[in-house]
Amino acid sequence: MKILFQGDSITDAGRKYEDCHDLGRGYPKYAAELMKNRHPGTEFEFIDLGISGNRTENLMDRWQKDCIDLQPDLVSILIGINDTWHRAADRSWLPDEVFEERYRYLLTEIKEKTRAKILIIEQFLLPVPDKEFFRVDLDPKIQITRKLARAYADAFLPMDGLFASRCIGEAPEAWAADGVHPTEAGARFIADVYADAFDMLFGAMK
């Protein structure tokens with residue numbers, strides 16, 4: 001069973017680019033461990049092709065080679081925070097309709113050219129003071145991600161909301177020091193939710 005992790009630095013997590021099976025130090029590593037432990041009779045191939053700094057447009061540029069050609073059984077996508085962050089300095093926000101068009105392209109390609117299940121991971125931002133203004137642009141794009149998940153996904157992880165719940169009574173820095181890049185605890189939390197979602201899909205994928 002071929003599992004493809006796609007996204008930006010959160011998925012990259014320091015992986016070795018010369019080895020697509022290296023899962024770095026983030027949620028793909030911990031999710032893979034959980035999935036193997038829960039399904040010991042299944043032979044998995046885990047592929048991590050997250051690239052630090054990527055935005056939706058970058059995924060589009062490499063989607064044929066880094067997704068479609070691989071013909072995964074499951075592809076998970078965590079993308080979107082850089083579509084906001086990379087434009088935050090001068091607030092030259094990417095139009096929401098462009099973000100939606102790009103993300104929809106990725107999902108349509110999977111639906112039309114593979115038999116893969118789709119797991120969408122919502123982009124997230126924990127409440128840290130220096131990035132609070134991102135919300136002006138990020139929140140509408142999270143709503144777009146949720147809309148696309150309803151239309152295309154087989155499973156959806158609402159991580160912005162889930163992390164918000166974890167910040168009640170505990171400092172956001174425990175989960176992501178800069179509000180974006182998870183600590184080990186944050187990565188393990190994503191992995192736990194990921195593995196639970198996979199369990200729900202597993203029966204239909206065998």
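## A walk from the sheet to the loops

Start by selecting strand 1 (residues 2-7): this strand pairs with strand 3 in the parallel sense, over five bridges. Before you go on, note that this is a predicted model, where local features need pLDDT of at least 70, side-chain atom pairs count only at pLDDT 80 or more, and totals for chains, interfaces and linings use all residues. Residues are numbered from 1 along each chain as its sequence is written, and side-chain values use heavy atoms, with hydrogens and water left out.

A word on terms: helices (H or I, at least four residues) and strands (E, at least two) are DSSP runs, numbered from the N terminus. Two strands count as paired if DSSP finds at least two bridges between them.

**The sheet.** Zoom in on F5 and you'll find its bridge partner, S76, in strand 3. Now show every strand of the sheet: it is open, has five strands in the order 2-1-3-4-5, and its pairing is parallel. Strand 2 (45-48) and strand 5 (155-157) are the edges, each pairing on one side only. On average, neighbouring strands are turned by 15° against each other, direction ignored. Contact here means heavy atoms within 4.5 Å.

**The cores.** Switch to side chains and pick I3, Y27, M35, M159, Y194 and F198, the residues with the most contacts inside the largest nonpolar core, which has 44 residues. Such a core is a set of buried Ala, Val, Leu, Ile, Met, Phe, Trp, Tyr and Cys residues joined through side-chain atoms within 4.5 Å. Buried means under 20% relative accessible area, exposed over 50%, and partly exposed in between (1.4 Å probe, protein chains only). Which helix gives the largest share of this core? Helix 8 does, with 12 residues. Center on Y27 next: leaving out residues up to four places away in sequence, its contacts include F5, L78, I121, I190 and Y194. Apart from this core lies another, of 23 residues, among them I47, F99, I120 and L148.

**The cysteines.** Select C20 and C67. A search of the whole structure finds zero disulfides (pairs of cysteine sulfur atoms within 2.5 Å). C20 counts as partly exposed because its relative accessibility is 27%, whereas C67 is buried, with a relative accessible area of 0%.

**The loops.** Jump to the loop between helix 1 (9-12) and helix 2 (27-38) and pick A13. Its phi is positive, about 50°, although it is not a glycine. Most residues other than glycine have a negative phi. A13 counts as buried because its relative accessibility is 15%. G14 lies in that loop between helix 1 and helix 2 too, but counts as partly exposed, at 43%. Leaving aside neighbours within four places in sequence, G14 is in contact with G24 and R25. Draw a C-alpha to C-alpha distance from G14 to I51: 9.2 Å in space, for 37 residues in sequence.

Last stop, Q71, in the loop between helix 3 (56-66) and strand 3 (74-78). Is Q71 buried or partly exposed? Partly exposed, at 40% relative accessibility, and its phi is positive, near 50°.

Technical notes
Axes are lines fitted to C-alpha atoms, for helices over the stretch in contact, and angles run from 0 to 180 degrees between N-to-C directions.
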